[in-house]
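Reader: Please take one part of this model and go through it slowly. I would also like some background on the chains before you get to the part itself.

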Amino acid sequence: MLKVKNVSFSLNGKKILQNIDFSLSAGDFLGIVGPNGAGKTTLLRLISGVIYPDEGKILIEGKDTRSFNYRRLALKVAMVPQNTFISFPFTVFDIVLMGRTPYLGRFERERKEDLEKVKEYMDLTGIWHLRNRKITEISGGELQRALIAQALAQDTPILLLDEPTSHLDINHELEIISIISRLNKEKDKAVVLVSHDLNLAARYCRRLILLKEGKIFSQGKVEEVLTARNIRSVYHLNALVKKHPVTGFIYTIPVSIQNGKRSEKRGRIHLIGGGGSASKIMKELIDRGYEVSIGVVNVFDADFETAQIFEVPCVVEAPFSPITHESYQKNMQLINTCQLVILCDVPFGSGNLLNLKAALWALRERGIRVVVHSETSIKKRDYTGGRAEKIFQDLIKEGALLVEKEEEVLSFVKDHFS
Amino acid sequence: MLQRRLIVLGFLVIIALISIGIGLSVGTVSIPLSNILGVLFGKIPYIRKFVRVGVPDKYFMIIFNLRLPRVLLSILVGSGLAAAGACMQGLFRNPMASPYVVGVSSGSSFGAAVAMLIFPGIFSVPVVAFIFGVITTFLVYRISFKRGKIATETLLLAGIAVGFFFSAITSLLMYTTASGVHRLVFWIMGGFWNSSWARLLTVIPFVGFGIPAIYCFARDLNIMQLGEESAIHLGVEVEQVKKILLIFTSLITASCVSVSGVIGFVGLIIPHITRLLIGTNHRMLIPISTLMGGIFLLWCDTLARTIIAPVELPVGIITACFGAPFFIYLLTKSKRESYA
């Protein structure tokens with residue numbers, strides 16, 4: 001239905017898009033995501049035929065967009081633009097009715113069929129009650145719904161949406177995108193959605209194109225495109241990418257900005273944690289530019305996921321398994337080359353007692369400084385019948401620094417490395 | 001909608017007819033209405049049998065040769081300027097636009113000046129003024145034509161720049177030649193004292209064909225209010241529409257200016273007032289502006305020739321004196337309504 005063939009476009013000598021190549025068939029729901037200035041809107045304008053590519057071709061039903069006149073193109077492609085400012089007071093009904101223009105001859109009046117279509121789509125977008133209101137007097141969200149109704153009234157096989165929900169409340173956003181999603185499924189309408197909202201795109205699009213500086217960085221299924229690694233390269237952002245347990249959609253949460261290269265000359269800090277106890281400190285340390293490692297954590301553990309986000313060296317153990325001797329050894333290898341060990345506020349059971357022993361080993365055998373973060377007293381988080389508490393007390397006795405608050409850990413780290 | 005439109009239009013047509021009657025009757029010599037009907041219908045075959053023809057010859061002369069062409073010309077010019085103004089405001093999406101915005105008025109004035117100073121004559125002045133008005137528009141159009149498109153902002157600015165240029169040359173001509181300056185100043189102020197059937201007949205084709213032509217693009221103008229790109233998405237051939245409308249508005253405007261000089265205010269204010277009264281839909285805006293413009297200018301001209309009779313005022317003074325306060329009243333009244 002739509003083929004974008006090796007398209008490039010420049011404006012005033014600056015390359016906006018380069019070698020864009022993809023296709024869209026009936027019933028597709030394609031999302032175009034990427035940071036500001038990546039060329040998302042330009043790509044939509046090329047498809048809608050407002051501008052033509054410098055190189056390459058855009059084919060709609062096999063024909064170059066250049067060979068269409070605007071009216072015939074408007075029968076194939078409808079667009080909901082990003083910012084529309086209307087200063088002349090038309091009624092909402094008149095605005096939606098404009099969507100029927102491509103079906104009317106110059107001297108033709110709107111037929112009954114056109115008016116029915118307008119009512120149908122105004123009902124669908126929930127703005128029928130606004131039909132006699134002036135477009136200049138309604139809210140931004142209502143205007144956006146009116147423009148979506150207008151594009152739907154155009155009844156085209158291809159629908160382009162440029163940030164269609166940027167002014168909508170979350171309930172209306174869900175409503176509108178659900179309507180579009182339904183039209184996509186029921187009427188096989190091909191939809192291209194440009195959005196800066198990765199979660200929205202992930203939720204409704206079946207395919208994604210991730211643009212970076214005018215080039216396709218990645219395209220394919222949502223889970224192939226939205227990976228922590230891709231997001232880091234395109235947005236310079238450390239993000240958590242997960243499948244939501246309730247909705248089953250991929251979602252991303254930005255965690256922190258990546259500050260270029262981590263400084264290595266200050267030495268590495270090794271964290272001993274688990275169950276999420278090390279995650280917060282890990283983020284803070286990385287934000288401050290320290291090099292960090294962690295061990296031993298189980299796969300799927302919260303600290304394991306945090307370590308994945310930041311790509312820090314990590315000793316892992318199989319899910320829900322006690323630490324094996326092998327992992328213990330690996331952990332000690334990491335500790336051996338670090339500058340400082342932080343023992344996090346983690347409960348101890350027989351499964352992770354070796355982590356505690358590793359901390360003691362570091363202090364006793366290697367003479368490495370150990371900071372013990374203990375917000376909850378060891379008594380309350382000891383599930384080994386006193387064995388953990390004993391090692392813990394030994395640690396303190398032999399000179400590990402005991403602090404209660406996270407901020408104290410961080411300020412100690414700062415002093416230690418300055 | 002359609003019914004309401006027809007009612008409003010019908011109402012305005014009746015007002016226009018009454019205004020014509022009054023315009024014909026008042027003046028240095030007052031003529032009773034019965035005599036006016038006698039003159040008008042006494043000319044038409046078959047119908048004249050039913051009219052008592054007892055009109056004195058001098059009344060016949062005054063009405064048929066002086067007042068009737070003048071009244072009709074003022075209506076035509078008012079209609080033409082108002083319709084052209086409505087079209088320009090829609091085209092530029094700018095309520096400050098007027099028919100003169102692309103430089104027609106300055107071009108025509110320059111043409112008129114050249115004609116008056118070099119080869120004066122009853123017909124040479126309007127013809128040369130018309131030609132220069134059209135040339136100016138074409139020039140402005142060429143300046144703003146880039147890569148197959150007319151940039152609307154450039155068009156506006158080019159119109160202002162070219163306009164200033166021609167005004168400067170006109171001023172230079174006026175400054176360097178002593179004779180005829182008075183006439184030129186009068187011409188530029190605008191008025192209908194030179195009205196004749198011949199002038200009326202030269203304007204009729206432009207206005208009579210131009211306004212319906214503009215009206216055919218009412219829907220496109222409506223959609224173009226969403227912005228040119230949105231209009232393209234809705235299938236409007238924006239560049240073509242702009243070109244065609246520019247041609248028609250400049251022909252209408254140049255023809256009006258060539259016979260009556262530069263009458264200000266009508267083309268700017270009448271579309272405004274109409275929009276405040278009936279909304280932005282160009283299908284309403286264009287026909288109603290047309291009628292309102294005609295009626296308004298007829299009344300202004302009637303006042304211009306009677307208010308301090310036998311001396312005549314330039315009609316542009318009257319249009320501004322009465323139009324501006326009324327417009328300000330409407331603006332303050334509708335302040336709460338959002339209006340650009």
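**From the chains to one strand**

Author: In chain B, among contacts between residues at least 6 apart in sequence, 75% join residues at least 24 apart. This is a predicted model, and the values below are computed from it. Chain B is built with 14 helices and two strands. Its radius of gyration is 21 Å, close to the 20 Å from the globule rule for 340 residues, so chain B is as compact as a globular protein of that length. Along the principal axes, the C-alpha atoms of chain B fill a box of roughly 65 × 55 × 40 Å. Buried residues account for 54% of its 340 residues. Chain B exposes about 15,300 Å², and carbon and sulfur atoms supply 73% of that area.

Now to chain A, where the part in question lies. Chain A has 15 helices and 18 strands. Its radius of gyration is 29 Å, whereas a compact globule of 418 residues would have one near 22 Å. The box filled by the C-alpha atoms of chain A is roughly 95 × 45 × 35 Å along the principal axes. Of its 418 residues, 53% count as buried. For contacts in chain A between residues at least 6 apart in sequence, the share joining residues at least 24 apart is 65%. Chain A exposes about 18,900 Å², with carbon and sulfur atoms supplying 50% of it.

A residue counts as buried when its relative accessible area is under 20%.

What does β13(A) pair with? It pairs with strand β14 of chain A, residues 291-298, in the parallel sense and over four bridges. One residue can be followed across: H270(A) has S293(A) as its bridge partner in β14(A).

For contrast, find G126(A), in the loop between α4 (112-124) and α5 (140-153) of chain A. G126(A) has 27% relative accessibility and therefore counts as partly exposed. The C-alpha atoms of G126(A) and A151(A) are separated by 15 Å, and the two residues are 25 apart along the chain.

Conventions:
Residues are numbered from 1 along each chain as its sequence is written. Chains are lettered from A and ligands numbered from 1 in the order in which they are written. This is a predicted model: local features need pLDDT of at least 70, side-chain atom pairs count only at pLDDT 80 or more; totals for chains, interfaces and linings use all residues. Side-chain values use heavy atoms; hydrogens and water are left out. The radius of gyration is taken over C-alpha atoms; the globule rule is 2.2 Å times the number of residues to the power 0.38. Buried means under 20% relative accessible area, exposed over 50%, partly exposed in between (1.4 Å probe, protein chains only). Contact means heavy atoms within 4.5 Å. Accessible areas come from the Shrake-Rupley method with a 1.4 Å probe; for residues, only the protein chains shown count as cover. Two strands pair if DSSP finds at least two bridges between them.
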